[in-house]
Amino acid sequence: MEEVVLEAKNRRIVGKQVRALRREGVLPATLYGRHVEPISISLDYREVSKIMPYITSSQLIVLDLEGEKHHALVREKQIHPVRNTLQHVDFLVVSMTEKIRASVTIDLHGDAPAVGEYGAILVTGQEYLEVECLPGDLTDRILIDVSSIKEIGDALYVRDIQLSDTITILTDPDEMVVLATYAEIEAEEEEEVEEEELEVEPELVERGKREEVEEENE
């Protein structure tokens, strides 16, 4: 995993005044951790906005705070609801000698023969794995090869995933990661649901009319 280093500066401006910083191309952020008191910092907005979309929650980042380096994970990103621009980032400082828990993104790769030969679709059951390890052993994503999925009904489970001995998987081993199923089944099920809804609605309307008629007759 490629090391990401960001230059940071101490920030004294807080509250509503940070709007002025954003207009100047500065991104407000916060550093905090088990052994670190919360620190208000500022980053270069252009630099951070380019890389942040590709940073996962399990990717270790080095923050160079005026010569003092902190290893950290992104814990929260605040996005403007209208402009969709980055507004603030929270970084969790970690100790390189203490194990941490993190959610690691699952990425499927390879070709599943069931898709090409039987027209199957791959249904995913897990997008992340909960793991525990030292920060230096973290990976930004877990690649799952789907080439073993050859027939309809074939599946991969958490128990099938092999990682380094330095990483402990906390997610239930019986959780399904990916399953090959018929594409037609989903479409038929959706049609049946729609038909059931259409059958129910007229009955409700008609029953309501009957009740109104009965009330008038009374």
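**Salt bridges, pair by pair**

Asp-174 and Arg-159 form a salt bridge, with their closest N and O atoms 2.9 Å apart. The model is predicted. This pair links distant parts of the chain. Asp-174 sits in the loop between strand 12 (168-169) and strand 13 (176-182). Arg-159 sits in the loop between strand 11 (155-157) and strand 12. The two residues are 15 residues apart.

Now their surroundings. Asp-174 has a relative accessibility of 53%. The cut-off for exposed is over 50%, so Asp-174 counts as exposed. Arg-159 has a relative accessible area of 46% and is partly exposed. Arg-159 has a second contact: it lies over the face of Tyr-157, at 4.4 Å from the ring centre. As for ring against ring, the structure holds zero aromatic pairs.

How many salt bridges does a search of the whole structure find? The search finds five. Side chains of opposite charge can pair when their charged atoms come close.

Another of these bridges joins Glu-98 and Arg-34, at 3.2 Å from N to O. Glu-98 lies in the loop between strand 6 (86-93) and strand 7 (100-109). Arg-34 lies in the loop between strand 2 (26-33) and strand 3 (36-44), so the pair ties together parts that are 64 residues apart in sequence. Glu-98 is partly exposed, at 27% relative accessibility. Arg-34 is exposed, with a relative accessible area of 69%.

Next comes Asp-140. Its partner is Arg-141, and the closest N and O atoms are 3.6 Å apart. Is Asp-140 buried or exposed? Asp-140 has a relative accessible area of 18%; buried means under 20%, so Asp-140 is buried. Arg-141 is partly exposed, at 27% relative accessibility.

Back to the pair of Asp-174 and Arg-159, which links distant parts of the chain. Beyond that pair there is also a network: Asp-107, Asp-140 and Arg-141 are joined by salt bridges that share partners.

Six strands close into a barrel, in the order 1-3-2-6-5-4, with mixed pairing. From one strand to the next, the twist averages 45 degrees. Strand 4 (residues 61-65) and strand 5 (residues 68-79) run antiparallel and are joined by five bridges. In that pairing, Leu-65 stands opposite Glu-68 of strand 5.

Definitions and conventions:
Residues are numbered from 1 along each chain as its sequence is written. This is a predicted model: local features need pLDDT of at least 70, side-chain atom pairs count only at pLDDT 80 or more; totals for chains, interfaces and linings use all residues. Side-chain values use heavy atoms; hydrogens and water are left out. Two strands pair if DSSP finds at least two bridges between them. Helices (H or I, at least four residues) and strands (E, at least two) are DSSP runs, numbered from the N terminus. Axes are lines fitted to C-alpha atoms, for helices over the stretch in contact, and angles run from 0 to 180 degrees between N-to-C directions. Rings of Phe, Tyr and Trp (its six-membered ring) pair if their centres lie within 6.5 Å; planes under 30 degrees apart count as stacked, over 60 as edge-to-face and the rest as tilted. A charge sits over a ring if NZ of Lys or CZ of Arg is within 6 Å of the ring centre and within 35 degrees of the ring normal. A salt bridge is a side-chain nitrogen of Lys or Arg within 4 Å of a carboxyl oxygen of Asp or Glu. Buried means under 20% relative accessible area, exposed over 50%, partly exposed in between (1.4 Å probe, protein chains only).
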